[in-house]
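Please examine the structure shown below.

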Amino acid sequence: MSADEARPTIFALSSGRPPAALAVLRVSGPAAAEAGEELAGAFPPPRRAGLRTLRDPATGDPLDQALLLWFPGPGSATGEDLLEIHAHGGRATVDALLRTLGERLGCRPAEPGEFTRRAFENGRLDLNGAEALADLLAAETDGQRRAALAGSSLSGAIVRWQEAVLAASALLEAALDFSDEGDVAEAVDVAPLLRPIYREMHDLMARPPAERLRDGVRVVIAGPPNAGKSTLLNALVGREAAIVSPIAGTTRDRIEAPVAIGGVPFVLTDTAGLRDEAADAVEAIGVGLARDALAAADLVLWLGTDADVPAGPGVLKVATKADAAPPANAGLRVSAVTGEGLPLLSGLLVERARALLPGEGEVALNRRQRELVAQALDDLRAAMAARDPLLAAEALRAARGAFDRLTGRAATEDMLDALFGRFCIGK
Ligand SMILES: Nc1nc2c(ncn2[C@@H]2O[C@H](COP(=O)(O)OP(=O)(O)OP(=O)(O)O)[C@@H](O)[C@H]2O)c(=O)[nH]1
Ligand SMILES: [Mg+2]
């Protein structure tokens, strides 16, 4: 029995939770054909839909009428034999089909991300492609969706980098092979081969990180007690996320509210009012948390006086209670009561946030990718600077190792578990 035959055949509901008009079930693995034929009889030709009656193989009872799609491996999404069943999406139908598949020898329910993991293991996509796919499935805004689509093009860039480094390595090895002992390949200069990809990787590192688009731009609302911070948060997110009261010191914890404004993902954070003399120990803790939040913010909405504006970039001054009180600062006047200034403030936030996010359709690196690209950049720099071709060859070998970890060719089990665990069952 080959290793492939030993692999369990997995199945799952790949579409959303029933009831729904349709349910898409997928069966992948060496026993997919056998299980499917017992269920549905002869398959339609590969990659063509065919209507079949599905039957319980034990009793012959009809279970459903469904469209079948047959993708023989290795040219399928998972790289192995893959059957797609487009059935009716009622709960009882889906349950009956899953139960029947589960009772088949060699078929077991798939774990989260297992279909994608098999695609990765069978070379259908690399680790970056899998990450881009996970981002695409998690995308809630248009920008996230576009970035996820752009992310899959990183794999192509890495192939080019690998080729350039391999060409440089070959040049060095050849020179080392042919040189005399005393005259070690002084004429070999790999820099012209490496400089273009070095520049490309360097530019990519300078771009805004992918996490900010995935997790949202962090906007912290800060200022003295009773300034109207919680009221402003509620107005911006359009729901009562934070308690509002006329008592100074109402907010003690950090309150985070994710929201999409103008298609841009934000996490707005309401904080305890900043004052030196906190009323009690709990408020003092809240003030400490507020200062931490300020330090980690991408943007700050400052509701206090001009004199107290916190240091750092990305501070927008906002003068609240425009309907009732004199402005606290020279910033934008807003009122939660009349709505004055709120659309303008939302617009300003979106404009500032866009500058902090990856450009539309641009590849952006996530933390894992940045660490590995940074390592490869160090190695390339060392290779270009090395006078000794042996050292240069060694540095290029290290760069190739970093690329292998980037594509997942040298990925660890823990890393793979963490990534594929992000997927839902059926993907
Ligand atoms: N007239 C008017 N009152 C406002 C406005 N915004 C907030 N308030 C009132 O100001 C008081 C304090 O509002 P909060 O939003 O709780 O203020 P805060 O800055 O979160 O206060 P702490 O959490 O205690 O630091 C409440 O009574 C609000 O109703 C506004 O735009 N106009
Ligand atoms: Mg508050």
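This is a predicted model: local features need pLDDT of at least 70, side-chain atom pairs count only at pLDDT 80 or more; totals for chains, interfaces and linings use all residues.

Residues are numbered from 1 along each chain as its sequence is written, chains are lettered from A and ligands numbered from 1 in the order in which they are written, and side-chain values use heavy atoms, without hydrogens and water.

Student: Which residue in S5 is the bridge partner of Leu25?

Tutor: Strands are DSSP runs of E with at least two residues, numbered from the N terminus, and two strands pair if DSSP finds at least two bridges between them. S2 (residues 20–28) and S5 (residues 82–89) pair in the antiparallel sense over eight bridges. The partner of Leu25 in S5 is Ile85.

Student: Is Arg117 buried or exposed?

Tutor: Arg117 is found in helix H4, residues 114–121. Buried means under 20% relative accessible area and exposed over 50%, with partly exposed in between (1.4 Å probe, protein chains only). Because its relative accessibility is 15%, Arg117 counts as buried.

Student: With which side chain does that of Arg117 make a polar contact?

Tutor: A polar contact is a pair of N or O atoms within 3.5 Å; within protein, one must be able to donate a hydrogen and the other to accept it, and residues adjacent in sequence count only if both atoms are side-chain atoms. At 2.7 Å, the partner of the Arg117 side chain is that of Asp417.

Student: How far is an oxygen atom of ligand 1 from an N or O atom in the side chain of Ser230?

Tutor: A backbone N or O atom of Gly228 lies 2.9 Å from an oxygen atom of ligand 1. For the side chain of Ser230, the distance is 2.8 Å.

Definitions and conventions:
Helices (H or I, at least four residues) and strands (E, at least two) are DSSP runs, numbered from the N terminus.
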